[in-house]
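Me: I've got a model here that I'd like to talk through. Let's start with it on screen.

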Amino acid sequence: MAASSAPGASRRSESDAAGFAASAQLSRALQQIVVDLVELHLQGKQAHWNVVGHNFRDLHLQLDQVVDDARESADTIAERMRALATWPDGRSDTVAATTTLPAFPEGEQSVSAVVDLVTARLRATVDTLRTHHDQVDSEDPSTADLLHAIIDSLEKHAWMVSAENRSV
């Protein structure tokens, strides 16, 4: 029973104030999003450490911004999961086994290659967010608002990183 703001309205019972809990479907969607954001963070750091070539420094610094945003976004969604009475699993074996992002090559990578690799991973992560967005929105619009902000941030990063390889 929802409490009314009218004078003399009845009080809520303890059970009425239990809070919202994520369904199993919402929990699975958010888990996949967390996993892909953690993997984006890890692959971004791999790229950051191993990029070489012309404009190395600019891309090296830009990758730190991508990494920071991916890490913060993963944390935001993981903490949202906890607020919705479900739990995230960010263990390395879980991330490696369940990410949808393509594997990142080992060793040194040219600036041009890293631009393409990171752009593809940013877009793949956005695809995960967009794939789950409508289902998340139908169950919990507040969480969908978080996804909107993350999509906006990652799409901006994809545009900015990809611009390094463009010419007119």
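Me: First up, is Ala 85 buried or exposed?
Reply: Ala 85 is exposed, at 59% relative accessible area. Buried means under 20%, exposed over 50%, and partly exposed in between, using a 1.4 Å probe and protein chains only. Bear in mind that this is a predicted model, where local features need pLDDT of at least 70 and side-chain atom pairs count only at pLDDT 80 or more, while totals for chains, interfaces and linings use all residues. Numbering starts from 1 along each chain as its sequence is written, and side-chain values use heavy atoms, with hydrogens and water left out.

Me: Where is Ala 85, then?
Reply: Ala 85 is in the loop between H2 and H3. Those labels are DSSP runs numbered from the N terminus: helices are H or I with at least four residues, and strands are E with at least two.

Me: And what's its phi?
Reply: Positive, about 65°, although Ala 85 is not a glycine. Most residues other than glycine have a negative phi.

Me: Which other residue has a positive phi, near 70°?
Reply: Asn 55, which is also not a glycine. Asn 55 is in the loop between strand E1 (51-52) and H2. With 31% relative accessibility, Asn 55 counts as partly exposed.

Me: What does Asp 89 touch?
Reply: Leaving out residues up to four places away in sequence, Asp 89 touches Gln 31, Val 35 and Thr 94. Contact here means heavy atoms within 4.5 Å. With Thr 94 there is also a side chain to side chain polar contact at 3.0 Å. A polar contact is a pair of N or O atoms within 3.5 Å; within protein, one must be able to donate a hydrogen and the other to accept it, and residues adjacent in sequence count only if both atoms are side-chain atoms.

Me: OK, helices. At what angle do H2 and H4 pack?
Reply: About 20°, with the axes 11 Å apart. Axes are lines fitted to C-alpha atoms, for helices over the stretch in contact, and angles run from 0 to 180 degrees between N-to-C directions. H2 and H4 are therefore roughly parallel. The cut-offs are under 35 degrees for roughly parallel, over 145 for roughly antiparallel, 65 to 115 for roughly perpendicular, and oblique for the rest.

Me: Which residues meet there?
Reply: From H2, Phe 56, Leu 59, Leu 63 and Val 66 meet Val 111, Val 114, Val 115, Val 118 and Leu 122 of H4. By class, that contact has nine nonpolar residues, no polar and no charged ones. Ala, Val, Leu, Ile, Met, Phe, Trp, Tyr, Cys and Pro count as nonpolar, Asp, Glu, Lys and Arg as charged, and the others, Gly among them, as polar.

Me: How about H2 with H5, parallel or antiparallel?
Reply: The H2 and H5 axes come within 11 Å and cross at roughly 170°, so the two helices are roughly antiparallel. Among the residues meeting there are Asp 69 and Arg 80 of H2 and His 157 and Met 160 of H5. This contact has eight nonpolar, eight polar and two charged residues.

Me: And how do H4 and H5 cross?
Reply: The axes of H4 (residues 111-139) and H5 (residues 141-162) come within 9 Å and cross at roughly 165°, which means H4 and H5 are roughly antiparallel. Their contact splits into 14 nonpolar, seven polar and five charged residues.

Me: What does Thr 119 touch?
Reply: Thr 119, in helix H4, touches Val 114, Ala 158, Val 161 and Ser 162, not counting residues up to four places away in sequence. Thr 119 is buried, with 5% relative accessible area.

Me: Last one: is Trp 159 buried or exposed?
Reply: Trp 159 lies in helix H5 and counts as exposed, at 55% relative accessibility.
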